[in-house]
Amino acid sequence: TVLEGKVPYAKALAFAEMRDDHNDKMSKTKKNYIPYDDAADKAGSDLIRFNFCLSPFGKNIMFGWRTMDELKRQFLLPLWNSYVYFGTYAKMCNWEPKENFIPTDVMDKWALASLQNLVNEVTKSMDEYKFYQAANLIQEFVVELSTWFIRRSRDRFKNGDTDAVQTLYMSL
């Protein structure tokens with residue numbers, strides 16, 4: 001502000017209070033806070049960031065070991081397992097990415113249509129500063145990808161169907 005004579009940001013976004021796993025306000029006095037270095041070492045910075053993204057601005061944000069474990073179980077592990085699944089089958093069938101892929105299988109069409117819808121909705125949410133909405137949409141997509149697309153396409157993967165691998169690659 002001093003150097004350029006104008007406000008250095010367009011919007012300021014903040015949370016109301018940081019709450020622990022028991023929904024108590026975190027404070028040094030109560031000794032229920034978690035130092036950032038401890039949280040980053042145990043839960044990981046990416047998971048912490050995603051937790052912040054999942055919380056609407058102006059509202060209380062939950063943060064604690066139980067919250068981080070739940071988020072890891074609901075989001076990070078399905079995402080990681082989908083990636084490992086892709087890597088396994090891509091290697092098994094010597095898969096190479098296709099530039100102009102046109103899906104023919106109904107599951108591929110569904111997954112790629114869901115992906116396009118996700119991109120549109122996340123872009124809209126981000127433009128409106130609704131990061132929590134974008135993060136929730138991403139989390140839902142990852143769950144659908146792992147529980148619907150991968151599960152319903154297991155036989156295709158096992159039989160070396162490179163279209164299934166291509167679709168998973170594009171979705172990830």
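A polar contact is a pair of N or O atoms within 3.5 Å; within protein, one must be able to donate a hydrogen and the other to accept it, and residues adjacent in sequence count only if both atoms are side-chain atoms. This is a predicted model, where local features need pLDDT of at least 70, side-chain atom pairs count only at pLDDT 80 or more, and totals for chains, interfaces and linings use all residues. Residues are numbered from 1 along each chain as its sequence is written, and side-chain values use heavy atoms, without hydrogens and water.

**Helix 4**

Helices are DSSP runs (H or I, at least four residues), numbered from the N terminus. At the start of helix 4, a side-chain oxygen of aspartate 105 comes within 2.8 Å of the backbone nitrogen of methionine 107. Just after the helix, tyrosine 129 has a positive phi of about 60 degrees.

Buried means under 20% relative accessible area and exposed over 50%, with partly exposed in between (1.4 Å probe, protein chains only). Buried residues of helix 4 include Met107, Leu112, Leu118 and Val122. On the other side, Val106 and Asp127 are exposed.

**Cores**

A nonpolar core joins buried Ala, Val, Leu, Ile, Met, Phe, Trp, Tyr and Cys residues through side-chain atoms within 4.5 Å.

| Core | Size | Residues include |
|---|---|---|
| Largest | 22 residues | Tyr85, Phe86, Trp95 |
| Another | 15 residues | Phe50, Leu54, Met68 |

Contact means heavy atoms within 4.5 Å. Beyond its neighbours within four places in sequence, tryptophan 95 is in contact with Phe86, Ala90, Thr162, Val165, Gln166 and Tyr169.

Note on methods: Helices (H or I, at least four residues) and strands (E, at least two) are DSSP runs, numbered from the N terminus.
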